[in-house]
Each structure stands twice: as C-alpha cells, then as structure tokens.
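I opened the model and kept notes as I went.

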Amino acid sequence: MNITYQKSIDVRYDVDVFIAGGGPAGVAAAVSCARQGRSVFIAEGFSAFGGAAVTMLVPAFMTFGDGINFLAAGIGSEVYDKLKADAFPRWKRYCPMCIPAETLKLLYDDMVDESGAKYMFHCNVIDTVVENGEIQYVICSAKGSVFAVHANIYIDCTGDGDLASYAGAECEFGDEQGRTMATTLCGIWTGVDWSRVKGPDSRRLEDAFKDHIFVNEDRHLPGMWRLMEETANADGTHNADGVGGSNAGHVYDVDARDAASLTKGIVRGRHQLLEYRRYYKEYLDGYENAEMVASAPYLGIRESRRVLCDYKLVLDDFKRQATFDDEIGRYSYNIDIHSPTNDNAGYDKFITEHTSFRYKQGESYGIPYRALAVKGLTNLLVAGRCISTDRHMQSSVRVMPGCYITGQAAGIAAAVVCDAHGKDVHNVDVHEIQSRLAKMGAYLPNFKA
C-alpha cells in the first residue's frame, strides 16, 4: 500500500555549500571551504564528527603517507600533528595510526567551530529537490523537525552516497552479484597485558574452530590494536590494564543502504563479540584478564555505493601509479578488499589481492578531480569512500587519510566554483583548485604553479 504525504517545511539554512556527513571527508571539506570565506552547513547523523573513528570505534587511521612523503597533507597533517601533541602520553608513545577517539572528537569540534562552518548533529538528509539536473534543496530530518537547506554547491560525504542517490545519481554497488565487503563490529577492551601478547591474533583459530567456539568459522581476523600501554609500577613491573581496540571478525550479508539489514547485522555482531571474548581470553596469551568495556554503536562499513563521476579510478591506475592533469592528491594504501563471503575461497582471494597489490616506499597513485564531480548533476561533488572508483580502488582510498585528501579537495573546489559565481562543478578552473590546495599544504608533486 502507498500513501501520498505532503507537508510545507521551512528552508532553515541558505548557504554557499551544503555537506552531508561529518566524518573525516566531511570535516576536511567543511573546514577547507569555510576557510576560503564561504558559508557552509554540515548535516551529521550522529552526535559527533569523526565517522568511523568515533561512531564505529575503528581503532586505526591506516597510513598517512607512502613511507617517505606525507600524502594526507593539509587537513590530514593538521589532525595528525594536533593529536600527536594533545593525546594522552600513554597513547602517543605507542602507535601513530591508533585513534584516541575522545581527543579526536574535541579536535574536530574545535576545527569546525573555528572555521565558522555551521552544523547540526542528529541530522540526516532524507531527500532532495532536483530541477534540470541541478539540486535546488536537500530535505533534512532532525530531532523535532523536518526542514530544507538551499545551497549553490552540495557535497556528499556520507560514505554510502546517500545524497547522490536521493538526487538520482548513477551508482554502483558491490561486486557483480551485488555483494559488498563484510562489516565488523569494533569494540574497546581493557585488561590486556601487552607485554605478553605475541604473534597474529588468528594463530589459534583452527583450535577454536575444532572446539566449536564460533558459530561461523571466519578465518579472516584483523585483530586487536594496542591503544594504550599498561601502566608501570615503581618496582618496574606492569599492571595488566592495557587498552585495545578490536577489529575482530566479520558480519556478513549486510546492506549499508538498508536499516533493517543494519539492525540484523549489529545484533549478530554483538553476539559474535561474545565468542571473540572467549577466544581471546582462553586461547591467546596476554588476554586472560581482558574485558570488552564497549562495543561500537554502529557497524564498521567498508563498502556501499560508489557514485559515478566524470572519471572512474580503476585497478590499472593503481598498477601504473597513475598521474593526472587534474590531480588533487595522491595516495598509497594497498588494495584491501575483505571477502563478501565467509568461505575459504573468499579468504584466499583476499590474501592474494592483499599481498599482490602493494606499493614500495615512495610509490603512490593520483586522484583526479574528475572522480569527485558527479555525472548528470551540475552542482554535486562526492568525497570519501563513495567517490568514483571500481571495487579495487575503493578498497584503497576508503580509509581515513584518503578521505582527508578527497574531502579537502571537494571543499576547495566548491569554494572555487562559488567564487566564480557559478554552480557547475564540471566547468571549473582545476588549476585554481590545485593552487589553493597547494597553498594549504596538500601534497601535489605534479602540480606546476
């Protein structure tokens, strides 16, 4: 049964640039654009900026550089340097890729506030109004109200390509059978004796399978990241109070576009974490006293829509370390497609690709501006893990430093279009975008001023 529902709503904000999603791409887009003097509004569905790092409790940023060059320079280096200075000493002694989530939340709050961008938490895009290929309004749902926002330029940083989909953009989803990478429910643990933790977390999985510890025999176990070291006593001994962030196991057959699927998935994930609790405590040294203190409030989503733009990054671009005339950044993270199926064939394929497509120090691929400009819509850009790629390239650029790179480029591009009094992201001075990115410190080795 269908009903027709009609309601008159307020246009609550009228800004130069609207951004859907306040994860790393959204923050980078908003801050870079607002610093150019443009009015910006961000709609963020959760209660903090940060996306996967703070809402999904993903424990690590992944690589910021290629081993020689800091590729996520600009907004990414600001975040990195600030965390290095402000995070608790026990945090920064260990791993520069690990995430102190509470410190990061405040850092993002301050960056966005200082930029002058407006924002609202608990606010989701639920529809768009499009005329002749141009977005006129986005419709937002927030606690207590439904309202519209008008902007000249719109940027989709939702990760799932929600705004683009509502606007009618063409999208790809998953593999040839429509299957996406498995999700993971992350968690925070304490009581880990890191001095006794040795070897890969997966080393005794076969023993646990024989003992029927797990409902699903998932051989792909990314594992536990050390977030804080254990404290030292005066006599030189250590207390086993180390903190870890688990990226343990997979929840399969989850469609990130569908709330019902996400609901079933996170319930399965919570039950599954109990199985991993038993595995860590009974099978691995150093975890005997470990306890999970919190599971994430949202599944870690690796893959959803890929929005089609004027150019699609493909595996061959990775292989040839591609360079583009309209390059807005470079990145180097390896191909990392987690299997969509819980079987040996899927796991073996993951291992083959994960080890085959890796760069040496100093190697990287370019990201063209054209991969951010959405086909068929004049005033929509995408940034983050839903940019225009094939599955292989999405599995590389999807991680947080990659999102900083594409996010700041989208923010600068939006400002350049607005400064030219235009609304067409396909007809823009790319050289000016590159120039402004270079001035803010972005890594653009092939740009000639």
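This is a predicted model: local features need pLDDT of at least 70, side-chain atom pairs count only at pLDDT 80 or more; totals for chains, interfaces and linings use all residues.

Which residues are linked with Asp 16 in a network of salt bridges? I found Arg 38, Asp 419, Glu 432 and Arg 436 in that network. A salt bridge here is a side-chain nitrogen of Lys or Arg within 4 Å of a carboxyl oxygen of Asp or Glu. By this rule I get 28 salt bridges.

Residues are numbered from 1 along each chain as its sequence is written, and side-chain values use heavy atoms, with hydrogens and water left out.

Entry: Arg 277 and Glu 291. I looked up this salt bridge and read 2.8 Å, N to O. Arg 277 lies in helix H7 (residues 259-283) and Glu 291 in strand S11, so the pair ties together parts that are 14 residues apart in sequence. Helices (H or I, at least four residues) and strands (E, at least two) are DSSP runs, numbered from the N terminus. Arg 277 is partly exposed at 30% relative accessible area, and Glu 291 is partly exposed at 32%. The classes are buried under 20% relative accessible area, exposed over 50%, and partly exposed in between (1.4 Å probe, protein chains only).

Entry: Glu 303. I found Glu 303 in the loop between strand S11 (291-295) and strand S12 (305-307). Is Glu 303 buried or exposed? Glu 303 is buried, at 2% relative accessible area. Its salt bridge partner is Arg 306, with the closest N and O atoms 3.3 Å apart. Arg 306 is buried too, at 5%. The Glu 303 side chain also reaches the backbone nitrogen of Met 181 at 2.8 Å. Beyond four places in sequence, I listed its contacts (heavy atoms within 4.5 Å). Among them are Gly 174, Arg 179, Met 181 and Gln 394.

Entry: Gln 394. This residue sits in helix H10 (residues 391-397). Gln 394 counts as buried, at 0% relative accessibility. Gln 394 touches residues including Met 181, Arg 302, Glu 303 and Arg 306.

Entry: helix H11. In H11, 19 of the 20 residues are buried. His 421 follows H11, and its phi is positive, near 60°.

Methods
A polar contact is a pair of N or O atoms within 3.5 Å; within protein, one must be able to donate a hydrogen and the other to accept it, and residues adjacent in sequence count only if both atoms are side-chain atoms.
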